[in-house]
Structure formats: C-alpha cells, structure tokens
Amino acid sequence: MASTTWLPKVRVAACNVSPIFLDTAATVQKTIALIREAAANKADLVVFPETHIPAFPLWAALSAPIANHDLFNRLASQSLLL
C-alpha cells in the first residue's frame with residue numbers, strides 16, 4: 001500500500017442537521033452558530049446537506065404538485081440568491 005503521509009490532515013465537521021423549516025433567516029442564524037461551534041472545535045471544513053437552506057421539498061413526493069403549490073411558493077420565497 002502506498003504511503004499517504006504527504007496528504008494534508010483536514011478536520012471536517014459534517015453537520016447532519018435539519019433547517020428551521022422554510023425560514024431562511026432562522027436557518028442562517030442556526031447555521032452560523034453551528035459553523036462557530038465547529039470552528040471552536042478546530043474544524044477546517046464544515047459541510048451541510050445540499051438542501052439545508054431553506055429545506056428539502058419532501059412534500060413533492062407525497063402529493064400532486066397542484067395540491068402543494070403554496071409550499072413551493074414558500075420554498076421559492078425562502079431560497080437564497082447567490
């Protein structure tokens with residue numbers, strides 16, 4: 001087996017956490033607090049689920065789109081523009 005001693009050591013914090021459902025401002029504040037906690041514990045990299053902000057649209061798999069149009073409107077209104 002080849003030696004990997006030349007690779008840098010990285011401390012990663014994997015945050016498997018839920019958002020504050022469809023509340024971007026509250027979720028961002030929660031996320032900042034988690035990043036600060038990870039940094040205090042010497043994390044070099046902090047990762048979150050891909051749909052952490054504003055939420056994962058689980059309802060899309062549970063009912064017809066016409067039945068949850070209001071939730072998609074809320075999801076769109078709470079999405080981040082980067």
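User: Buried means under 20% relative accessible area, exposed means over 50%, and partly exposed is what lies in between. With those cut-offs in hand, why is Val12 called partly exposed?

Analyst: This is a predicted model, and in it Val12 has a relative accessibility of 47%. That value falls between 20% and 50%, so Val12 counts as partly exposed. Val12 belongs to strand β1, and together with Val10, Leu45 and Val47 it forms a nonpolar patch on the surface, whose accessible area comes to about 310 Å².

User: How do you know that the length of helix α1 agrees with what its number of residues leads one to expect?

Analyst: Helix α1 runs over residues 24–40, which is 17 residues, and at 1.5 Å a residue it should span 24 Å. The expected span is 1.5 Å times one less than the number of residues.

User: What makes one side of α1 its buried side, and which residues are found on the face turned away from it?

Analyst: The buried residues of α1 are Thr24, Thr27, Thr31, Leu34 and Ala38. Because they cover an arc of only 85° around the axis, they lie on the same side of α1. The cover over these buried residues includes β1 (12–14), β2 (45–47) and α2 (69–78), while the face turned away carries the exposed residues Ala25, Gln29, Arg36, Glu37 and Ala40.

User: Why is Thr27 called buried, and why is Ala26 called partly exposed?

Analyst: Thr27, a residue of helix α1, has a relative accessibility of 0%, and so it counts as buried, the cut-off being under 20%. Beyond residues up to four places away in sequence, Thr27 touches Pro19, Ile20, His52 and Ile53. Ala26 is also placed in helix α1, but its relative accessibility is 26%, so it counts as partly exposed.

User: How do you know whether Leu22 is buried or exposed, and which residues is it in contact with?

Analyst: Leu22, which sits in the loop between β1 and α1, has a relative accessible area of 6%. Since buried means under 20%, Leu22 is therefore buried. Once its neighbours within four places in sequence are set aside, Leu22 is in contact with Pro54, Ala55, Trp59, Leu71, Arg74, Leu75 and Gln78.

User: Why is Lys42 called exposed, and what is the value of its phi?

Analyst: The relative accessible area of Lys42 is 61%, and because exposed means over 50%, Lys42 counts as exposed. This residue lies in the loop between α1 and β2, just after α1, and its phi is positive, about 70°, although Lys42 is not a glycine.

Methods
Residues are numbered from 1 along each chain as its sequence is written. This is a predicted model: local features need pLDDT of at least 70, side-chain atom pairs count only at pLDDT 80 or more; totals for chains, interfaces and linings use all residues. Side-chain values use heavy atoms; hydrogens and water are left out. Helices (H or I, at least four residues) and strands (E, at least two) are DSSP runs, numbered from the N terminus. Buried means under 20% relative accessible area, exposed over 50%, partly exposed in between (1.4 Å probe, protein chains only). The arc is that of the directions from the helix axis to the C-beta atoms. Contact means heavy atoms within 4.5 Å. Patches are made of residues with over 30% relative accessible area and no salt bridge: like charges are joined within 9 Å, nonpolar side chains (Val, Leu, Ile, Met, Phe, Trp, Tyr) within 5 Å. Accessible areas come from the Shrake-Rupley method with a 1.4 Å probe; for residues, only the protein chains shown count as cover. A salt bridge is a side-chain nitrogen of Lys or Arg within 4 Å of a carboxyl oxygen of Asp or Glu.
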